[in-house]
Amino acid sequence: MPTRKLAVVILAAGKGSRMKSDLPKVLHPVAGKAMLWHVQASVATLSPEETVVVIAPGMADVEAAAAPSRCAVQQQALGTGHAVAAAQEALKPLLELVETDVLVVFGDTPLLTPATLQRMVDARAEPAAPDIVGLAFRPDDPAQYGRVILDDDQKIEKIVEYADADSAQRQIGLCNAGIVIGSGRRLFDLIDRLDSHNAQGEYYLTDIFGLAHQEGRPAGVVEGPVAEVLGVNSRQDLALAEAAMQDRLRRQAMVGGATLIDPATVWLSADTRLGRDVTVHPSVFFGPGVTVGDNVEIRSFSHLEGAKVAEGAVLGPFARLRPGARVGAGAHVGNFVEIKNAELGAGAKANHLSYLGDASVGPAANIGAGTITCNYDGFAKHHTAIGAGAFIGSNTALVAPVAVGAGAIVGAGSTITRDVPGDALAVERSDQEIREGRAARFRQERQAAKDAKQG
Ligand code: UD1
Ligand code: MG
């Protein structure tokens, strides 16, 4: 059977008022990425011809986040059916040209997987497939979800919103996940006929199911996993979605060959990439944009974001990698070392109490405890270059812009303001003074003074 063309509509224009937030609901992050990003990522696996995100007026931030998907504006939040109608204009050329299926998903269901969406697509590809298919699920607590009422043929008779349901209907355990797929023309034909005569005065997308049944062309149903269709409507839902997503990401990391010694304490971002035989100790945080090569060890309480770590490196405990940190193969980053927009070459070591910002550190260089790159002069950031095999003594301040050549040594406690040539020794501190016996005499004098006072 030839594959049908597919267009996707993602609904994101709702007020999200139950979140009590200035941030549009679909931009709230789960595993470091906006809910909308998760939905877009799952949808993208279906390779749709077009994806349209329906937003409300003034949602420029959602529009920016949605790119390269196109956006259509729903002028007023009059319900999910009204929202899908707002996408019709954008899809017109596609609907005219070919027999296209339209998949409607909600921007507030970040846990949806490509596998479940594929089941929806497949349900339409079957011989004599119903022209509309809805996704349902059976949660432990059906709460405020719409209830799905099936007819004797296991087709959808109608979907009743919680607010409109009578007590018998509220007993039904089969709930509407909100995801719908159908022939685009049929879907929009049904949507055109919706009204808002219901408890919430809204144009419910869910009413298309009752209309379709009345016309003798009832919709089919696919039952999906509860864990995927959790709709995020409140901060509590957001926390539940986060926990479920973390669980999923941890499992994926372990399946990929990483050891998480205490998985429940490791926080991952949706885009975290861990290589084979990576060991992550308890309590490690991966913010967005982290890639870790094979055989890396990350010890407890390390915090990484926007960082690339090459194979065999050892981080932490208490390492902090900020955006633009690049740690070379076999390099060591120890406790209370912060690296930002800086490269640590292969085999280099920064083991204790340092700040390396806007810097490049050559291979096998040694950065002593307490070394600081002074990269900021209050106006601009400046670069520090440290050559291969250089040795920077403890408690050195490198005032950028400055370069230390390959193989150079900087004496401990130096404040380096001028470039140090390769293989040179730079020491910047006053000469040490020695006064023989002075400490002993000092104590004698003080003791004598104390005794005189007491006597
Ligand atoms: C909806 C379903 C309900 C289902 C539940 C699953 C309807 C009428 N109800 O209810 O049956 O059990 O989802 O999570 O479809 N939106 C717009 N414009 C609007 C209204 C909503 O774009 O005018 C968007 C929202 O941004 C959101 C999605 O549609 O992404 C769902 O809206 P929401 O208000 O969360 O619907 P529920 O009450 O959860
Ligand atoms: Mg919802």
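Pro-317 is found in the loop that joins strand S21 (314-315) to strand S22 (319-321). The model used in these exercises is predicted.

**Exercise 1.** Determine which form, cis or trans, the peptide bond from Gly-316 to Pro-317 takes, and then examine the bond from Ala-67 to Pro-68 in the same way.

*Solution.* 
Step 1. Read omega for the bond from Gly-316 to Pro-317: the angle is near 0°, and the bond is cis.
Step 2. Locate Pro-68, which lies in the loop between helix H2 (60-66) and strand S5 (70-73).
Step 3. Read omega for the bond from Ala-67 to Pro-68: the angle is near 10°, and this bond is cis.

**Exercise 2.** Find where Ala-31 lies and state whether its phi is positive or negative.

*Solution.* 
Step 1. Ala-31 belongs to the loop between strand S2 (29-30) and strand S3 (33-34).
Step 2. Its phi is about 50°, a positive value, although Ala-31 is not a glycine.

**Exercise 3.** Describe the surroundings of ligand 1: which residues come nearest, and which polar atoms lie by its oxygen atoms?

*Solution.* 
Step 1. There are 23 residues around ligand 1, and those that come nearest are Gly-14, Gln-74, Thr-80, Glu-161 and Asn-176.
Step 2. Assign the shell to elements. Helix H3 (80-85) and strand S10 (175-183) each give at least two residues to the shell around ligand 1.
Step 3. List distances to oxygen atoms of ligand 1, with a cut-off of 3.5 Å for a polar contact. For Glu-161, a polar side-chain atom is 2.7 Å from such an oxygen. For Gly-14, a backbone N or O atom is 2.8 Å away from one. For Leu-78, a polar backbone atom is 3.4 Å from one.
Step 4. Consider cover. On its own, ligand 1 has 760 Å² of accessible area, and the protein covers 89% of this.

**Exercise 4.** State which pocket holds ligand 1 and describe the lining of that pocket.

*Solution.* 
Step 1. The largest pocket is where ligand 1 sits.
Step 2. The volume of the largest pocket is about 1,400 Å³.
Step 3. Its lining consists of 46 residues, of which Arg-18, Lys-25, Phe-106, Asp-108 and Asn-233 are the closest to the centre.
Step 4. Two or more lining residues come from each of H3, S10 and helix H9 (235-255). S10 has the largest share, with three residues.
Step 5. By class, the lining of the largest pocket has 22 nonpolar, 15 polar and nine charged residues.

**Exercise 5.** Describe the second largest pocket: what is its volume, and which element gives the largest share of its lining?

*Solution.* 
Step 1. The second largest pocket has about 310 Å³ of volume.
Step 2. It is lined by 17 residues, and the closest to its centre are Ile-159, Asp-195, Tyr-204, Asp-207 and Gly-210.
Step 3. Strand S9 (156-160) and helix H8 (207-214) each contribute at least two residues to this lining. The largest share is that of H8, at five residues.
Step 4. Sorted by class, the lining of the second largest pocket holds seven charged, five polar and five nonpolar residues.

Definitions and conventions: Residues numbered from 1 in each chain as written. Chains lettered and ligands numbered in written order. Predicted model: local features only at pLDDT ≥ 70, side-chain atom pairs only at ≥ 80, totals over all residues. Heavy atoms only, no water. Near = heavy atom within 4 Å. Polar contact = N/O pair within 3.5 Å; in protein donor to acceptor, adjacent residues only side chain to side chain. Areas by Shrake-Rupley, 256 points an atom, 1.4 Å probe, with all protein chains shown as cover. 1 Å grid on protein atoms, 1.4 Å probe; cavity = no way out; pocket = protein on both sides within 12 Å on 5 of 7 lines; lining within 4 Å. Sits in = over half its atoms within 2 Å of the grid points. Helix = DSSP H or I, 4+ residues; strand = E, 2+ residues; numbered from the N terminus. Points joined across faces, edges and corners; volume = space filled by probe spheres on them. Nonpolar A, V, L, I, M, F, W, Y, C, P; charged D, E, K, R; others polar.
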